[in-house]
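Colleague: I would like to go through this model with you, one part at a time. Shall we begin with the side chains and then turn to the strands?

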Amino acid sequence: MFEYLQQKYPGKYGQSIVRTLQRRVQQWKATSGPAQSVMFELEHQPGVMGLSDFTKLKQVQVTIGGQPFEHLLYHYRLAYSGWQYVQVIQGGESFVALAEGLQNALAASGVVHKNIAAIVLVPPTVTWVNAPMKI
């Protein structure tokens, strides 16, 4: 913009106005320019939330006696500390597998959480479960 002004009006705008022009353009962008993306920082508190899901390692093949071992991993993570628990699950996702994995993860963590969040996939819908626990 500064170079444009110097070319359009030769000799009128010297180097002394560069910083003023930069500040005014910055102010204009903040008040009238394009919308800025907004980011809200998440603040997790200790013992408030644990996250639970099933996953399959696509690039790892486990065999037992030369035969493929079909399995999933149950993964549980504490939102605040990042502590994680993983358990091998034979078969597919089920309520029994979720209950067993969650029970074992909570026992291994040694704490009681206020909220447990899990994604339950029931084709063709996705249900978000965020149930408060009685302490």
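Predicted model: local features only at pLDDT ≥ 70, side-chain atom pairs only at ≥ 80, totals over all residues.

Colleague: How many aromatic pairs does the count come to?

Modeller: The count comes to 2 aromatic pairs. In one of them, Tyr9 and Tyr13 are arranged edge-to-face, with 6.2 Å centre to centre and 75° between the planes.

Colleague: Why does Tyr9 count as partly exposed?

Modeller: Tyr9 counts as partly exposed because its relative accessibility is 38%, and buried would require under 20%. Tyr13 is also partly exposed, as its relative accessible area is 26%.

Colleague: What about Phe54 and Tyr74, how are their rings arranged?

Modeller: Phe54 and Tyr74 form an edge-to-face pair, with 5.6 Å centre to centre and 70° between the planes. This pair links distant parts of the chain: Phe54 belongs to strand β1 (residues 49-55) and Tyr74 to strand β4 (residues 71-78), 20 residues apart.

Colleague: Are Phe54 and Tyr74 buried or exposed?

Modeller: Phe54 is buried, and Tyr74 is buried as well.

Colleague: Then let us stay with β4. Why is it described as largely enclosed by the rest of the structure?

Modeller: Strand β4 is described in that way because 6 of its 8 residues are buried.

Colleague: How many bridges join β1 to β4, and which way do the strands run?

Modeller: There are 6 bridges joining β1 to β4, and the two strands run antiparallel. As an example, Gly50 has Leu78 in β4 as its bridge partner.

Colleague: And how many bridges join β4 to β5?

Modeller: Strand β4 is joined to strand β5 (residues 84-90) by 7 bridges, and these strands run antiparallel. Here Arg77 has Gln84 in β5 as its bridge partner.

Colleague: What lies between the strands in the hairpin of β4 and β5?

Modeller: That hairpin has 5 residues between the strands, and Gly82 takes a positive phi near 85° there.

Colleague: A change of topic: where is Ser109 found?

Modeller: Ser109 is found in helix α3, which covers residues 95-109.

Colleague: Does Ser109 count as buried or exposed, and why?

Modeller: Ser109 counts as buried because its relative accessibility is 17%, and the cut-off for buried is under 20%.

Colleague: Which backbone oxygen lies 2.9 Å from a polar atom of its side chain?

Modeller: That is the backbone oxygen of Leu106, which lies 2.9 Å from a polar side-chain atom of Ser109.

Key: Residues numbered from 1 in each chain as written. Heavy atoms only, no water. Helix = DSSP H or I, 4+ residues; strand = E, 2+ residues; numbered from the N terminus. Buried < 20%, exposed > 50% of the residue type's maximum accessible area, 1.4 Å probe, protein only. Polar contact = N/O pair within 3.5 Å; in protein donor to acceptor, adjacent residues only side chain to side chain. Phe/Tyr/Trp six-rings, centres within 6.5 Å; stacked < 30°, edge-to-face > 60°. Pairing = 2+ DSSP bridges.
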